2 protein chains.
Amino acid sequence: MNVELTTINKLKKITIIGVGLIGGSFAKGVKLAGLVEEVVGFGKNTKNLELAVNLGVIDSFSTDIGHAVKDSDLVFLAVPLGAMKSVLLDMKPYLSEQTIITDGGSAKSSVILSAQEVFGELPKHFVPGHPIAGKEKSGVAAAEANLYIDHRVILTPTVNTSQMSLETVKHLWTSLGANVEIMNAQQHDEIFAATSHLPHLLAYSLVDMLNEHEELGDVFKYTAGGFRDFTRIASSDAVMWRDIAVYNSDAITKWLKNYGNAIDELTKLVEHKDAEALYRLFDDAKNARDKHIVNK
Amino acid sequence: MNVELTTINKLKKITIIGVGLIGGSFAKGVKLAGLVEEVVGFGKNTKNLELAVNLGVIDSFSTDIGHAVKDSDLVFLAVPLGAMKSVLLDMKPYLSEQTIITDGGSAKSSVILSAQEVFGELPKHFVPGHPIAGKEKSGVAAAEANLYIDHRVILTPTVNTSQMSLETVKHLWTSLGANVEIMNAQQHDEIFAATSHLPHLLAYSLVDMLNEHEELGDVFKYTAGGFRDFTRIASSDAVMWRDIAVYNSDAITKWLKNYGNAIDELTKLVEHKDAEALYRLFDDAKNARDKHIVNK
């Protein structure tokens with residue numbers, strides 16, 4: 001595709017807003033792949049930004065957002081969902097018309113709404129995105145150029161998103177080894193509410209419930225590997241998940257209610273010792289999981 | 001303790017009822033540690049029992065329960081909870097008064113009730129037990145002498161359990177490297193309903209719900225490591241978990257209802273976008289998990 005290649009050749013400066021695991025791994029990856037001449041980081045924590053430079057994640061940084069995004073070909077927003085709107089507001093006066101804006105937020109409709117509110121209409125070069133990657137560790141020290149290899153990246157272009165900006169962002173992710181998929185924002189938010197946001201909230205809730213029932217005593221010492229794996233995601237960053245719960249509230253509420261209904265049904269089966277129905281439910285779930293999920 | 005040592009020295013024959021992962025690992029362990037002269041396996045599947053002999057898990061086997069338990073010093077029941085009562089009934093005519101009976105069932109009150117029903121009163125040498133060990137693999141081929149090292153084994157003696165039989169069973173588990181803890185059956189069932197049975201049922205339910213919502217499409221392909229870990233236990237054996245749900249129905253029902261209430265509360269917080277309360281809940285859970293659970 002000529003359009004794409006022409007664009008890629010032109011990339012001189014990329015700005016990373018929020019240099020943590022997600023933003024830092026993207027930065028390190030595009031630098032290593034030689035896809036850009038200069039990667040500039042923006043953040044509030046100077047120490048973190050200095051570390052990022054020392055680790056070779058970014059070339060330079062600025063704590064002045066105007067300076068950081070000036071003449072940038074592409075700005076990648078890797079901040080919590082709750083910070084997206086204020087960052088967009090802050091950078092707006094300094095963006096050129098050609099600058100591509102993309103992000104790594106776990107919910108997409110809310111970011112799109114913020115962009116609409118900030119810019120009046122949705123910018124032509126705005127490409128909402130969500131890399132499905134993460135680790136238990138966070139922060140720039142954990143950033144790796146290969147984080148996205150074989151991971152899925154969902155892009156959810158708006159009605160205004162230009163083909164050129166979509167192809168550019170897609171090309172960058174593909175160059176980092178990711179598998180890019182396009183869908184609309186609402187579909188994205190539904191799917192990830194069900195497959196990611198819901199299990200995180202369920203795990204937090206279980207740990208919280210056990211922690212609050214003092215009659216169980218020192219109950220955690222009786223947990224085993226199953227509990228450890230089930231609740232691993234309850235060790236995730238609380239600010240990030242507060243924001244996801246708030247900024248994908250509609251879809252998560254829907255799936256929490258669906259799940260609550262499923263639990264009510266299950267409770268009845270257990271209470272009535274309905275062995276046959278319980279077996280069917282467990283066996284169906286086991287077969288579905290064994291078929292679809294590869295253990296690692 | 002003289003009583004204990006005297007007893008242990010006398011152990012000539014141990015019978016394993018159900019030679020799978022749990023029973024097989026116990027058998028292999030006590031053989032390897034030289035704690036018994038002869039280990040006999042009982043089951044219905046001759047091929048499985050022949051495999052167990054070939055793997056050095058048991059010395060010999062019988063598909064005749066009378067022959068298998070005759071003159072045995074200790075019988076270990078490692079069958080699903082739903083089979084406990086019929087096995088006790090079948091072996092009853094052939095047990096000597098001195099034979100210690102112990103088991104590995106994941107719920108204890110139901111096994112104790114079965115013993116009471118079968119024997120009229122609770123046998124003096126009955127030591128209900130629950131080794132907290134397991135692997136994703138099951139079956140005798142996965143049996144290992146070191147399965148129980150550093151794992152917890154809960155013993156829940158009844159009012160009739162003799163000190164001698166309790167000490168003997170405790171000594172065997174300790175010799176296999178396990179950490180033995182004594183508690184009453186009801187407390188055991190409550191704790192494991194909350195920490196093990198509940199998460200298993202929650203994981204089965206989530207996979208089942210996603211599997212049934214066709215509007216989500218091929219939703220499993222969008223799942224990542226968090227979902228894989230959260231649902232790992234939904235690949236557990238459906239018969240075993242049907243039995244646990246049925247045979248620990250009271251305690252599990254109670255915790256399912258508690259959890260259902262917690263989910264209702266959480267749903268309200270998400271629906272009302274109560275960022276502060278959500279943060280508190282997630283942060284409390286994260287801190288509790290980080291404090292109590294060691295990741296592996």
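The buried residues of α6(A) pack against α5 (84-91), β5 (100-103), β6 (126-127), α8 and α10 of chain A. This is a predicted model: local features need pLDDT of at least 70, side-chain atom pairs count only at pLDDT 80 or more, and totals for chains, interfaces and linings use all residues. Residues are numbered from 1 along each chain as its sequence is written, while chains are lettered from A and ligands numbered from 1 in the order in which they are written.

**Helix α6 of chain A**

- Helix α6 spans residues 109-119 of chain A, and its buried residues are A:Ser109, A:Ser110, A:Val111, A:Ile112, A:Ser114 and A:Ala115.
- A residue is buried if 20 or more other C-beta atoms lie within 10 Å of its own, exposed if 12 or fewer, and partly exposed in between, with C-beta atoms placed from the backbone.
- Helices (H or I, at least four residues) and strands (E, at least two) are DSSP runs, numbered from the N terminus.
- Just after α6(A) comes A:Gly120, with a positive phi of about 85°.

**The interface**

- Chain A brings 75 residues into contact with 76 residues of chain B.
- Two residues are in contact if their C-beta atoms, placed from the backbone, lie within 7 Å.
- On the side of chain A that touches chain B, the elements giving two or more residues are α8 (185-212), α9 (225-230), α10 (238-247), α11 (249-271) and α12 (275-292).
- α8(A) gives the most to that side, with 19 residues.
- The residues of that side divide into 42 nonpolar, 16 polar and 17 charged.
- Ala, Val, Leu, Ile, Met, Phe, Trp, Tyr, Cys and Pro count as nonpolar, Asp, Glu, Lys and Arg as charged, and the others, Gly among them, as polar.

**Symmetry**

- Chain A superposes on chain B by a rotation of 180° with 0.0 Å of shift along its axis (RMSD 0.0 Å).
- That is the relation of a two-fold axis.
- The superposition is by least squares on the C-alpha atoms of residues with pLDDT of at least 70 in both copies.
- A:Phe230 comes closest to the rotation axis of the residues of chain A, at 2.0 Å (C-alpha).
- The copies meet through the same surface, because 100% of the interface residues of chain A are also interface residues in chain B.

- Most residues other than glycine have a negative phi.
- A:Asp71 has a positive phi, near 60°.
- A:Asp71 sits in the loop between α4 (65-69) and β4 (74-77) of chain A, and is partly exposed, with 15 C-beta neighbours inside 10 Å.
- B:Lys273 also has a positive phi, of about 50°.
- B:Lys273 lies in the loop between α11 (249-271) and α12 (275-292) of chain B.
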